[in-house]
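Subject: Structure for your review

Dear colleague,

Please find below the structure that I am handing over to you.

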Amino acid sequence: MKTKLFRPQTFAFLNLIAAALLSGCASDRPIAVAEGPDQFSVAAIRNRRTTMPVISLSATPSQINAAQGATFTASISRANRRSATSINFTMSGTALLGADYSLSNAQRFVIPAGATSGSVTLSPLASSGNAHAAVMTLQSGKTFRLDTARSASVTINPIALPTPTPTPVPTPAPSATPVSSPTPRPTPAQSVWIAIRTDGLAGSGTQSDPYDGSTREKFDAVMSNLQGLTNLGVNLGPGTFRTATMKSWVVRPGWVIAGSGMYDTVIQLSGSVAGFHSGVGCLSSDPNISTDTVVIRDLTCDSNWDELGPTADAGLGARTVTDAVISAGSPVITSASADFSPADYSRTIVGAGIPSGATIVSAQDAEHATISQPAVANASAVSLTIGGEKNVKTGAIALWGSNNLIQNVRSINTYGSAANLLEQFVILLGGPRDSDGTGNVIQSCRVELPRGNYGNPYALSGWSPHFITNSKVLASYAEGRNDGWMTGFTTGGVNLAFVKNCEVDGNTFVDCLGAVYQDTGTTDGFRVTNNTVIRGAMGVSFVSADPGPKQNIVIAGNNLQIQNRIKDGAAYGVYFSHTGASNVTIDNNTITMDCSAKGHPGFFGVRASPLDASVISNNTFILTGSFYFNNEVVGSGNTVSNNKMGDGSPVVGLTP
């Protein structure tokens, strides 16, 4: 059969072309028509279009929270048995790729040869705030046509937090019980007011004529001029008050720094951290003196990593790869040799096709990472330089003394570096270096959006041989990063050092290591009660190797949801190790093991070695998925009773 070029010349042929246009087969070029009896029929032209396979899109489920994932599925009406089918897509909606969620493939579906569907997995990266929608839309191709169902959306809802089981009365009762301490409520001897003024006047500091804090220089000057005063009320109006990283003022004894609301008043770090290889923060006291009876409340501390990060010195860990593959418009980098890991978070990445200022925001696996901005060109065998971790740490608040209160405070954008051993303590209450600190409280606070890979949201800290005593973290919230690895808040929850008769109660920790982590100093008298951990890796951990006791500890009424988020090690519900622990009560906790994350799929519900004269009772263990699970208790004089699996069966390793 021969082929000739057909150019319509008659009215009948014009009708034929009109029909073809309506059926989606129009072209600006001459139409190639095979000679034969049916070559000019409208049915033949339509048939060539309608016999192409049809692609449709669906999303399951369409509503999720940050503890879940969703799957977009592209389905083809007829399998191609010879080759794979690729379908490009775009993302839109109020949820932002790389900020609110990640995708297993950020550019296209691939339906394998012989298959009828391909999938892309959506994983939420955040769980606070309002609901956000991620909308996927398929793009047309030459070898298929799109069904009317070419778009699908997934709504990411704020996480629904479970209610912990009420704390039971432990048996036996610890010999040391935390002493109830009143929440400090100092009455300032005098007060000043500071506002973001727009009239250019300096102000006199009264409520009707506040000092002007509209620039970093003006705000820091006002705060520096107040350094000679104690028992002072500092009232901050709405707006953002910028303060230098290397400022000349500290929080003084008896100060009450009060904003206009957690989301209304912001204290924001600004400037440079070049050449500075230790910690900086928004608000801090002098650790060499006891700064007592301070209240900080009703504001946000923004450590402002986006501004500070580019000024920080590069530290350890830089490397180069030469086999990277990038695609224009996609934020996914592929490299067989890169060995991407959670430690790469926030590192710079430089190379052909990579936008200036791009950083790594997640590592899907050893060969794939997501960057903060999509690539601008297609390329393979690209040489990329992955920068070292920034050699600095930034926090929010550090107070050293007694009877201090941090209440209704939010912290965002802090940074810590694992490669440089710079562990961030976002909100820290500690004793001064020369004595014990007592009666400190963190209450109703929020810590979120960590920007590094080493640190914790809250800390209670003493200095050897001195302790922090009778101090508490209550009804607070922390959220790390939901990327399937243990990143962001890798050493908390609440980080402990040299604590005595303290308490962590009623808090929620999402994508953090756990509720409590102690690897420094001793613990004598501690209560971990009514806390919720979501996607943790070591729910409650006392692992200090320092000589001295870990004793008189209650772990009760907690809901610990544990995932395999540690790359090369097991995950734990409750963990004691190194020096011996005694008189510990682990009672009425629910410990859920979930192996849907990216780390090693090994779990211990309770692992304690050694543990003596302790009680492990009334705990429930729930398993989700298939993996290694065990419990291990080594010691003497322990009572183990009434522990059960979620289905009521006996618990391996914890039978009487």
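The notes that follow concern salt bridges.

This is a predicted model, in which local features need pLDDT of at least 70 and side-chain atom pairs count only at pLDDT 80 or more, while totals for chains, interfaces and linings use all residues. Residues are numbered from 1 along each chain as its sequence is written, and side-chain values use heavy atoms, with hydrogens and water left out.

The structure contains 16 salt bridges (a salt bridge is a side-chain nitrogen of Lys or Arg within 4 Å of a carboxyl oxygen of Asp or Glu).

One of them joins R242 to E307, with the closest N and O atoms 3.2 Å apart. R242 is in strand 16 (residues 239–244) and E307 in helix 4 (residues 305–308), so this pair ties together parts that are 65 residues apart in sequence. Helices (H or I, at least four residues) and strands (E, at least two) are DSSP runs, numbered from the N terminus. R242 is partly exposed at 29% relative accessibility, and E307 is partly exposed at 28%. Here, buried means under 20% relative accessible area, exposed over 50%, and partly exposed in between (1.4 Å probe, protein chains only).

A further salt bridge links D339 and K567, whose closest N and O atoms are 3.8 Å apart. Both residues lie in loops, and the pair ties together parts that are 228 residues apart in sequence.

Finally, D344 and R347 form a salt bridge at 3.7 Å, and both residues are buried. They belong to a network of salt bridges that links R319, D344, R347 and E389.

Yours sincerely
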